[in-house]
Structures are given as C-alpha cells and as structure tokens.
Amino acid sequence: MKKIILLALVFIFATAMTCSAHFVMMYTPETILANGGKITVKSVFGHPFAASVTLDMAKPNAFFVVNKGKKTDLLGTLKPITWQSRENSARAWETEYQVKGMGDYIFCLDPVPYFDQTEDKYIQQFTKIIVNNGGLPTDWDAKVGFKTEIVPLDKPYALWTGNVFRGVVLSKGKPVPYAAIEVEYLNHAPNMELNKFAEKAAVQAPHDVFVTMTIKANANGEFTFGIPKAGWWGFAAISSGPDKKLNGKELEQDAVIWIQAQDM
Ligand SMILES: [Cu+2]
C-alpha cells in the first residue's frame, strides 16, 4: 500500500513537473515548397523540447487554411492519430492537403479548451503555421481572426539561422502590451510515418530556463527572437486571449505560432 501511495505521489509530482509549458504543435516537414503537391500536417499537444508527456487533443472547434484571403474549412479532413512521445501516447490529428496555386497557406487550429487537472484550469491555444508555395508572398502577415493570435512581422518560412523572428501579439485584433511569450525548440525530430518523436534530442539544455524560454513583448505587443539553431521554433503568448473563465474555472487562452529556420 505504501508503495502504491509513493508511486502515486511520484506520478503526480512528475506530471506536475513536466506539465508546464504545453504547446500545440503543428508540423509539416517543409514550410517552403517549390511546386506545391500533397502535404501532411500533424497537430500534437505536448512538450516540444523534452518530448515528455503528450496530452489528448479533442477534435478541434475549427481547422482551416487561409490562401489569397480565402478561408477553406478543413475540419472534415482531420483524421485521428495516436502520437507517441517519450513518456506516453495520446490522441492527435493529421490532415493531408493538396497545395496547388502559388502563395501562402496559413493552417489554423482552434482547439477545444483542454482541462489541465494539475493546474485546475482550461488551456486553449490558437495555433498556426504558414506554408509557402513558389515564393509568392500573399497571406503570411494577415490576421486570421482568432480571439488571440501572433501575426508575424518576418516570413516564418524564410528565415536563416541567426535571423530574428518578430511578431505582434493580438487579442481581438488589438496588440497586447508586454505580452509574456514562451519559446521552445522542437528538440526531438517528429517521425511522420510512425507518428512519434525521435528518442534522441538534438540539443541539451544547460538549465531549465533554456527549455522553455520566456520573453516579453514591448508596449506595442511586438516581440523579437534571435534564432540560434535551424529547425522548428514555437512561440506561445500566454493568457493573451480575451476570455478568462470557463465552467467556473480559469481559462488560459494562448496564441501559438511555429516557424522553421534553415542553415545558411
Ligand atoms: Cu505541460
């Protein structure tokens, strides 16, 4: 009995420790395409740097793509998958999309609020990634109309390692002064065939402050981040959204964007 209680405590403690800084991850291998074609986008709720616990994601409220100002509903194209992290597996989603014309494609996910038992609150992360076909810029700097979102000031698919990425945090379309932003590196390569993170980490963090970096926007809601390494970087503006309560509990509405940098 003692052993069971001890195990339960260890489990609760471990969950509490690893379960800060969740990110909705949206991922496709290449954000810049030469000639369009069929792409796969995976949406996973978990921890990008540690690839530790993955959380079940309910079917989203909305999932759509914006191209040349036109919004196309993709909710019906989502297929449930099981995503394997280093510690567990959980429900995630994938879609296949045929990219045809030139321009930017903003893939947008409006998730059902997730109830986090350890924090006793709901978390809802409005998330987007931007894929370009043919180099023609069309929509990358557009608002998609989420309650809260990060609008890029630099093309998220045209970044060298060492460039900066800048964005502005919006709530109901207005800048959020001094917004707090969490930044994480996608440290375990996603395996698109097996729906899992690679066991091997790309980098080791010398301290936890490098696992989830926290930065702040300025008085105009704008932030800047220098990109130290090629790959995928996620930015989550924390509690930047307008709604603060759900079912009598705290609701945290975050705005998430993912960018992909390449070595020179
Ligand atoms: Cu977490």
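I begin with a definition: strands are DSSP runs of E of at least two residues, numbered from the N terminus. The model is a predicted one, in which local features need pLDDT of at least 70 and side-chain atom pairs count only at pLDDT 80 or more, while totals for chains, interfaces and linings use all residues. Residues are numbered from 1 along each chain as its sequence is written, and side-chain values use heavy atoms, with hydrogens and water left out.

Let me turn to the cavity. On a 1 Å grid over the protein atoms alone, a cavity is a set of points where a 1.4 Å probe fits but cannot get out, and lining residues have an atom within 4 Å of a point. Grid points are joined across faces, edges and corners, and the volume is the space filled by probe spheres set on them. One cavity of 30 Å³ or more is counted, and the largest cavity holds about 70 Å³.

Which strand gives the most to its lining? That is β1, with three residues. Both β1 (23-27) and β3 (37-46) supply at least two lining residues each. Among the lining residues are Met25, Lys42, Trp83 and Trp258. The lining comprises nine nonpolar residues, no polar ones and one charged; here Met and Trp count as nonpolar and Lys as charged.

Finally, glutamine 253 lies in strand β22 (residues 249-262). Glutamine 253 counts as buried because its relative accessibility is 2%, the limit being under 20% with a 1.4 Å probe, protein chains only. Its side chain reaches the backbone nitrogen of aspartate 243 at 2.9 Å.

Notes:
Helices (H or I, at least four residues) and strands (E, at least two) are DSSP runs, numbered from the N terminus. Buried means under 20% relative accessible area, exposed over 50%, partly exposed in between (1.4 Å probe, protein chains only). A polar contact is a pair of N or O atoms within 3.5 Å; within protein, one must be able to donate a hydrogen and the other to accept it, and residues adjacent in sequence count only if both atoms are side-chain atoms. On a 1 Å grid over the protein atoms alone, a cavity is a set of points where a 1.4 Å probe fits but cannot get out, and a pocket is an open set with protein on both sides within 12 Å along at least five of seven lines; lining residues have an atom within 4 Å of a point.
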